[in-house]
Amino acid sequence: MNFFYSKDDLVALHFKYDQAKRRFVEWAQNEISVVPDFHKQILFSDEAHFWLNGYVNKQNCRICSEANPQVHVETPLHPEKLTVWCALWAGGILLQKR
C-alpha cells in the first residue's frame, strides 16, 4: 500500500475541500437570509484521542513526505488513552473528556 501523497494528490484534495467549503458557505448564507439568527443554531464538533504512551494516530495526523521514512513503532495492543470531544457554537464551548 502506498500512503504517500504526491503534489498532484494534495492539489486535488485541496480543491475538493475548497468546493465543500464553498457549498457550505452558500448554504449558510441562504439559511441566514431566511432565518436571521440561524448562525446561532450551528454547532461544530470534533473529537481527538490522545495516547498516554506517546503514540500518534496516523489516521488523524498526516505527515506528507517525498521520502519513505521506514519508521516502525511498536505499540501495546490496547494503550491507555484520553478522548476529548469539543463543540463550538454561538453560546460558547462545550468540552467533554472521557
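Author: Happy to. The protein has one helix and three strands, and along the sequence they follow the pattern α-β-β-β. Please keep in mind that this is a predicted model.

Reader: What makes Asp18 and Lys21 a salt bridge?

Author: The cut-off is a side-chain nitrogen of Lys or Arg within 4 Å of a carboxyl oxygen of Asp or Glu. In Asp18 and Lys21, the closest N and O atoms are 3.6 Å apart, so the pair meets the limit of 4 Å. Side chains of opposite charge can pair when their charged atoms come close. Both residues lie in helix 1, three residues apart, which is about one turn of the helix. A search of the whole structure finds one salt bridge.

Reader: Why is Lys21 called exposed, and why is Asp18 called partly exposed?

Author: Exposed means over 50% relative accessible area, buried means under 20%, and partly exposed lies in between. Lys21 has 52% relative accessibility, so Lys21 counts as exposed. Asp18 has 38%, so Asp18 counts as partly exposed.

Reader: How do you know that Ile93 is exposed rather than buried?

Author: The same cut-off of 50% applies here. Ile93 has 60% relative accessibility, so Ile93 counts as exposed. This residue is found in strand 3. As for the protein, buried residues make up 7% of its 98 residues.

Reader: Which residues form the nonpolar patch on the surface?

Author: They are Phe24, Val25, Trp27, Phe44, Leu88, Ile93 and Leu95, with about 720 Å² of accessible area together. A patch residue needs over 30% relative accessible area; Ile93, at 60%, is therefore above that limit. Helix 1 (7–34) and strand 3 (92–97) each supply at least two residues of the patch, and the largest share, three residues, comes from helix 1.

Reader: How do you know that strand 1 and strand 2 are paired?

Author: Two strands pair if there are at least two bridges between them. Nine bridges join strand 1 to strand 2 (residues 81–89), so the pair passes that test. The two strands run antiparallel. One of the bridges links Trp51 with Lys81, its partner in strand 2.

Reader: What makes strand 1 and strand 3 edge strands?

Author: The open sheet of three strands has the order 1-2-3, with antiparallel pairing. Strand 1 (43–51) and strand 3 each have a single partner strand, so one side of each is left without a neighbour in the sheet. Neighbouring strands of this sheet are turned by 15 degrees against each other on average, direction ignored.

Note on methods
Residues numbered from 1 in each chain as written. Predicted model: local features only at pLDDT ≥ 70, side-chain atom pairs only at ≥ 80, totals over all residues. Heavy atoms only, no water. Patch = residues over 30% accessible without salt bridge, like charges linked within 9 Å, V, L, I, M, F, W, Y side chains within 5 Å. Areas by Shrake-Rupley, 256 points an atom, 1.4 Å probe, with all protein chains shown as cover. Helix = DSSP H or I, 4+ residues; strand = E, 2+ residues; numbered from the N terminus. Buried < 20%, exposed > 50% of the residue type's maximum accessible area, 1.4 Å probe, protein only. Axes fitted to C-alpha atoms, helices over the stretch in contact; angles between N-to-C directions.
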